[in-house]
Each structure stands twice: as structure tokens, then as C-alpha cells.
Amino acid sequence: MEPQTLLRLVLCGSVDDGKSTLLGRLLHDTGSIPEDQLAALVRDSRRFGSQGDATDLALLTDGLQAEREQGITIDVAYRFFGTRRRRFIVADAPGHEQYTRNMVTGASTADAAVILVDATRGVLTQTRRHSFLVSLLGVRHLVLAVNKMDAVGWSRAAFDAIAAEFDELARRLAIPEHTAIPLSALTGGHVVHRSAEAPWNGGPTLLELLESLPVDEQRAARQPFRMPVQWVSRPDPGFRGYAGLVVSGAVGPGDRVRVSPSGRESQIARIVTMDGDQAQASAGQSVVLTLSDHIDVSRGDMLSAVTAPPDVADQFECALVWMGDEPMLPGRSYLLKIGARTVGAVVSDLKHAVDVHSFDPVPAKTLNLNEVGICNLTTDEPIAFDPYGQNRDTGGFILIDRLSDATVGAGMLRFALNRAHNIPWQPVDIDKSARADVKGQKPAVLWFTGLSGSGKSTLANAVERRLFALGRHTYLLDGDNLRHGLNKDLGFTEADRVENIRRAAEVARLMVDAGLVVLAAFISPFRAERRAARQRFAPGEFMEVFVDAPLAIAEDRDPKGLYKKARAGSLRNFTGVDSPYETPEAPELRVDTEASSVAQAVDQILERMRDLGLL
């Protein structure tokens, strides 16, 4: 028996639609369960099973203790089996809404998706969500499996009604084709073998359909050559190679290649593997390539065909699936990982979210857990990419939270924004160092953060007077003052606070570029935004001053009467009352305004500036 092709398959749908039982049935009825595992399954069924004395096939894939106790799937379970016609790698995805992120993981590499629907419940919200996601992720083949037909007496009318409803759903999602199959994973009817209880159905069984789905295994090979560099290999001073997985196309010695995003070109000298040099490297192979020229190539760069290079840009439109427990906030800085390259990134504009019921665009300012939106994305550095629809490997990315390192989003790049290509950096002759030299100072930003009433503005103003008296060229950016002009369109929601600090940091960066010493006084309650602000400056240019005052002291001072309004409920989202303040973890200086006078605090700040070489 020589299986001809490999089909990667994901099983998805709502909770309790029978995905794990269906996978167990496929394994069981194709004889793919070893005898020892089958014996263990019989024992586990007595302890954890939900089918009485019968063997509970769902336990084959529900391996976590919590899954067995609750009778649900939490993590993605992968199983391999084969028939005479085909090999299969099947991902059993969880159905609960809170685990949608795991379903996205399972579907991201799939060639086909089986969407299960419980015949007794019909098409549910999670059915629609999973159908939308597999369509978004570019899964090419879709199968509607109407399960538990035995529970409705194998009613043709019930099946036809669900199939008709799904037909309309598929039409809205522009799914080119799909096939509906009635089956019972519990009894095995129409899964591997035909059911005598459904003589009205003349279509294939599920396994027959899966064995016949067309799989284009040469699709990646026909695409232009792409290899993201994962590692620069230097085993000795005489060898420099670039290791990675060829994700598409093919390359051989003598072929011209381009290094993106730099645009430098060279020629392949050797293709090195554990088995010796090769004459060609093609899609799916992990190799080490050497070049005939000594050019700069680093981890995260992409090697490509000179005749068909990838796009390079730093602004994109993308589809984004949000996986974080905390909402996605436009303007907040995240890490973007695409291939082996990791760069800073900001969702610059959330165009709209997508309603999973109607699939219509809906206005939104943020994305919450499991929501999907169309966004504009800006990266700190240009990256090489292909649109996701052309190449999954070079068009898909994840977003990572900078503080927790958790994956909070998965996205698909659609295209580069025109302005990314049409607005290059304009070179100038007078730079930051020249402006600083003429002023005789080192440009920097002193970022004052703390609760309202802690004394930030008072201290910043006093420090600026001292610096001005010393002949320094300064400018004071105060949070309240910016809200009268540049930021007057912003409120005090979490999303608006993020955007407020993003704009302030950009202004401060421009002023530092002008050679000034900038004093920025902002509550800036979130660590992520303060970290993002710091990263806009060169090392040694950012000094964070934590103006520390206990909440009770700050509230007792209440120079503007804001705490009183917040306690009365007339001022919402006020820091310290109904919105959090995240204390700095490692500021350059902490000033205790309860224990120090203004003059003493100013002396501490100037002394710290001297220590850091800023004065």
C-alpha cells in the first residue's frame, strides 16, 4: 500500500456537535487504532465515557484530564491515519467560543475543513464563526457534515433545511464550493460505510469524499522561490551559510537571488545538507544556502528569486483575528512575527470589525477576544511579504504582547498601502547631532508619569526653569495642554488613552530630533504605552521619572477637583478611581513627592540627569 497524497484536515464547529467522536469513528472504522490503544480506550470509557457501556470514541482525541472530565475539547488534537488512497493529518479543533484561538491554529495549515452541525440544533453562531474563519484562512475545500442524524430519524427534511441554510452562509462568504453529507458519528452511518437508514442520500460517505478531494501538492513548487532565513551558520571562519525552510519555488547553484528587505542581490554558490551538496532545493526542504558574494544577510531576511521578488513595505491592510484576553487597542505597540522576522508594529487604524452573524462590516474602536477586524498596520521596519492569498507562509503573521510575550493576534496581510511605496524618507543634511551640537547639549526626553495630583506638571515646570537658567534649550509637553489642541478629539477610554500617549511620544521624538530637552508630563497609566514611548528614542535619550504619591495623598490634593467628580460618577474612566495605573517597574528615577519638597525633587532629577550623561 503506497498512499499517494497527503490531506491536512481540520474538524470544526460548535461545542457538542461531535467532532471528537467523528475523528474517533474515522480512526476506528479505518482500522487505524492499535490494539493496545483500543484496549485502553475501552478501560477509559468505563471511567470517563458518556456512552454508557459502549466505547466512547471521543476519548481517543480528548486527552487532557479537563477535557475528559468536562466532555469537551480544549486544545487542538492532531491525529494521523491512512487509507489505500490517501494519508490524512486531522486537527480536532475545540468548539467553545473561548478556545476559538486554538481553532485558528488548527485551521492555519489545513487543505480542507469539515464543519460539523448537530442535526438537532442546526446552524449556530459558532458554526458561522468557524466557517468565516476557515474562509478567511484560505482553506480551499469545505465539507458540511450534518451529524447526529440518528437523533432526528435520518430525516431528509431536517438535513435539507440545514444544508439550505448553510448554502446561504457559503454564498455570503463567497465560498466557491462545498459538499453537505448526512452522517452519525455515534453509529458510524455514512462516515466510512453507508447507512441503510438513509436510502435517499446517493452521495459519497465522508471518507469517500475526503479521499477524492483534489490536493495540489505542487502548488508551492510552482510559486516563486522564497526562503526566510532562520539562522546564519558560521561553524568556522571559512564558511557562511544561510539556513531555512524553502516555503515555495525552487533554487539551484548559479541562480540569482535577492535579499529582502535590503534589495541586495547575489548568486547561489552551494546548497548544503546533512547528506552533502544538492543540485536543487525545492519547497518543503530545509537547507543551508551559500552565496558567491559577501553581503549582509541576517535572521529574518528573505531570499527570493530576482525575477519575482516579494513586496517590501512598512504599512499594510490586513485581516486580524484577536486572541488576547485584553482588547486590541489601535496605537498600542505590539511585536509582529512573520516567518523568522520580529519587528515592532502598531495597528494604526481599525477600519471595521466583522459581524459573525451577518458577515457585514460594523464600526468598532477595539477588537475583543475572538473578534475579527480589517485593520491598517504599521511596522517599525520594512518587511518582505507576499499577500496571504498568494502565499500563506510569507503573508501570515502573529502579534505578540510586549509585556507578557503572549500571542494575542493572528493576521493575514492583504496588500501594502500605496503610501508605503509612495512616501519614502526624505534625506536631510542637518540631522539631530548637528542640531544638538549647535545648542551645546544632549537631546533627551524626561518622561514624568504618575497619578493625577502627584505633582508631575509642577515638577516638570520647576525642572524646566532650572534647565532654562542653565542655558539649556527645552520644551514642556503637558498632558492637559495637549488635550486643548492636538489631542482634543480624544476622550478617556483605554483606547483613547493609548492614542493620546502615542501622539505625545511622536511629538516628543520630533522635538528630540530638533536637539531639544523635552519634559513630558503625562499620567500615561499603562506600562505598554510607556515602553512604546521609550522605544521611539535612541538608547540613553529617555529618562522615566516616576512621580510617586499615594492615591490618598493625590486625592487629598485634588488641585483640579477631578477626583471629586470621579467619585461622584460624573467623570468616567479616571485613573486611580475606575481606571488602573500601572506602576513603573524600572524607572530611571522615583521621586516621593510626599517626603520631598519641590526644590529637593528638582535637585534629585538634575543629579540623575548628570549620572546619565544628560546634563
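Biologist: Which residues does R530 touch, leaving out those up to four places away in sequence?
Modeller: This is a predicted model, and in it R530 touches W447, T449, S524, P525, F542, E544, Y581, E582, T583 and P584.
Biologist: Is R530 buried or exposed?
Modeller: R530 is buried: its relative accessible area is 3%, and buried means under 20%.
Biologist: And where does R530 sit?
Modeller: You'll find R530 in helix α15, which covers residues 527–534. A polar atom of the R530 side chain lies 3.4 Å from the backbone oxygen of P525.
Biologist: New topic, helix α1! How many of its residues are buried?
Modeller: Nine of the 11 residues in α1 (residues 19–29) are buried, so the helix is largely enclosed by the rest of the structure. Among the buried ones are K19, G24 and R25.
Biologist: What covers those buried residues?
Modeller: The cover includes strands β1, β2, β3 and β4, along with helix α7. Look just after α1 too: G31 has a positive phi of about 70 degrees there.
Biologist: Now the strands. In which sense do β18 and β19 pair?
Modeller: Antiparallel, over six bridges. For instance, S333 has V346 in β19 as its bridge partner. Two residues lie between the strands of this hairpin, and G339 takes a positive phi near 65 degrees.
Biologist: How many bridges link β18 and β22?
Modeller: Three, and that pairing is antiparallel. Within β22, I398 stands opposite K337.

Key. Residues are numbered from 1 along each chain as its sequence is written. This is a predicted model: local features need pLDDT of at least 70, side-chain atom pairs count only at pLDDT 80 or more; totals for chains, interfaces and linings use all residues. Side-chain values use heavy atoms; hydrogens and water are left out. Buried means under 20% relative accessible area, exposed over 50%, partly exposed in between (1.4 Å probe, protein chains only). Helices (H or I, at least four residues) and strands (E, at least two) are DSSP runs, numbered from the N terminus. Contact means heavy atoms within 4.5 Å. Two strands pair if DSSP finds at least two bridges between them. A polar contact is a pair of N or O atoms within 3.5 Å; within protein, one must be able to donate a hydrogen and the other to accept it, and residues adjacent in sequence count only if both atoms are side-chain atoms.
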